[in-house]
Amino acid sequence: FSANPPHSLFYLPPRSRRGRAWKTMSAILKTLRSFQPILSSSRTSIRCLSHPAAIFRRDIKRSQRDATAALLVSSDDADVLYREVAHSLLDRVVDFRNKSFPTALELGSRGKYVRENLEDGRGGIERLFQLELSMDTLSIDKKLREKQDPKGPMVIPLNADEEMLPLKPESVDMAISNLTLHWINDLPGTISQVYDSLRPDGIFLGSMLGGSTLKELRSAFAAAEAERDGGHSPHVSPFAYAPDCAGLLQRAGFSMPTVDVDTITVRYPDAFALMRHLQVMGEGNAAMLRRSFVPRETLIAAAAAYHAMYPSTDGEGIVATFEIIYMTGWKPHASHSEGKAPGSASVSLKDIGSGTYGVIG
């Protein structure tokens, strides 16, 4: 169902405009009322730490995801990157053996990738809310689930924008985001909304593309446009770096924030194969200042520059870098250990080294 009605969560037309679908709608609403405790009908109930900056066109990003939904959701080979990163991200849940997270939110669902890693019952997740900008992705994934045996948590799709979460404060136990946060305009605000939606002792697990992602493609286009067009335009989105992500978690209020980085290098036959793969993933350019049309000569020059500057080890293709930033943060709880305030130490390291307090070893 959609979380974008004009005034309330479940918008109903006047009685004079209700048709034969009224009985079906009534049945759907009865089902959805059971989820009402976690859904917010007010968009102003959750704080936002900063004003959104217009970096990306969210309408274009929705269109790109709609166009590639069928391939991305149904194909096993459409995107290995989403699958591998989701597997690595959800491996962290296995470490929390003594904790359970009955209600989980997937922020920016791209289909089956997170859901498949939760089918073994890890984390004690009973309900998984899949929030996704593309309605087509949610619809196709629902049809795919209906053809399979039901495993893992119950899945509830939510068609909404990640920049404005339709959740009540302290309504979920876990929030998961797999490779979607790099398209958010107001990233500090979204992280803050995630923090507000978590219950105490809840956890946020996120992955996003980092600053070194597609650095080769960025350099190749810069060289080609400087030669052919006498200028430069953004073809690769700006990405955050690991220290930025750590600061975002701390700013939002998360305790015990952890950020680690992994680099994945992928080989492609040529630059055009890389660009086709990005299109299939729904990761096409959606920057506000992007060029609406790139001449054929510029594309050929960029491909040639790419092959000349970044060939694969066998010389038969090219390499592309994907930097993955993993983030973990906990909603503060009384059971969490806290560090002492700076300056509160009662023993000097100098005295320990001199043997006053015994020998260390």
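Let me start with threonine 68, which, once its neighbours within four places in sequence are set aside, is in contact with Arg110, Gln279, Val280, Met281 and Gly282, where contact means heavy atoms within 4.5 Å. At 11% relative accessibility threonine 68 counts as buried, the term being used for under 20% relative accessible area, with exposed for over 50% and partly exposed for what lies in between, using a 1.4 Å probe and protein chains only.

Before going further, a word on what we are looking at: this is a predicted model, in which local features need pLDDT of at least 70 and side-chain atom pairs count only at pLDDT 80 or more, while totals for chains, interfaces and linings use all residues. Residues are numbered from 1 along each chain as its sequence is written, and side-chain values use heavy atoms, with hydrogens and water left out.

For the chain as a whole, there are eleven helices and seven strands, and 48% of the 361 residues count as buried. If we take contacts between residues at least 6 apart in sequence, 83% of them join residues at least 24 apart. The chain exposes about 18100 Å², of which carbon and sulfur atoms supply 54%; accessible areas come from the Shrake-Rupley method with a 1.4 Å probe, and for residues only the protein chains shown count as cover.

Let me turn to the largest pocket, whose volume is about 560 Å³. A pocket here is worked out on a 1 Å grid over the protein atoms alone, as an open set of points where a 1.4 Å probe fits, with protein on both sides within 12 Å along at least five of seven lines, and lining residues have an atom within 4 Å of a point. Grid points are joined across faces, edges and corners, and the volume is the space filled by probe spheres set on the points. The lining consists of 21 residues, and those that lie nearest the centre are His235, Met275, Gln279, Gly284 and Asn285. By class, the lining has twelve nonpolar, six polar and three charged residues, where Ala, Val, Leu, Ile, Met, Phe, Trp, Tyr, Cys and Pro count as nonpolar, Asp, Glu, Lys and Arg as charged, and the others, Gly among them, as polar.

Which helix gives the most to that lining? It is α9, with three residues, although α7 (215-228) and α9 (271-280) each supply at least two.

At the start of α9, a side-chain oxygen of aspartate 270 comes to within 3.1 Å of the backbone nitrogen of phenylalanine 272. After α9 comes glycine 282, with a positive phi near 75°, and glycine 282 is also one of the contacts of threonine 68 that I opened with.

Two residues other than glycine also have positive phi. Aspartate 201 has a phi of about 70° and is placed in strand β5, residues 198-209; with 18% relative accessibility, aspartate 201 counts as buried. Leucine 214 has a phi near 55°, lies in the loop between β5 and α7, and is buried at a relative accessible area of 8%.

I will finish with helix α6, residues 187-197, which holds serine 192. Serine 192 is buried, with a relative accessible area of 0%, and its side chain reaches the backbone oxygen of proline 188 at 2.9 Å. Serine 192 and phenylalanine 254 are 62 residues apart in sequence, yet their C-alpha atoms are 9.2 Å apart in space.

Notes. Helix = DSSP H or I, 4+ residues; strand = E, 2+ residues; numbered from the N terminus. Polar contact = N/O pair within 3.5 Å; in protein donor to acceptor, adjacent residues only side chain to side chain.
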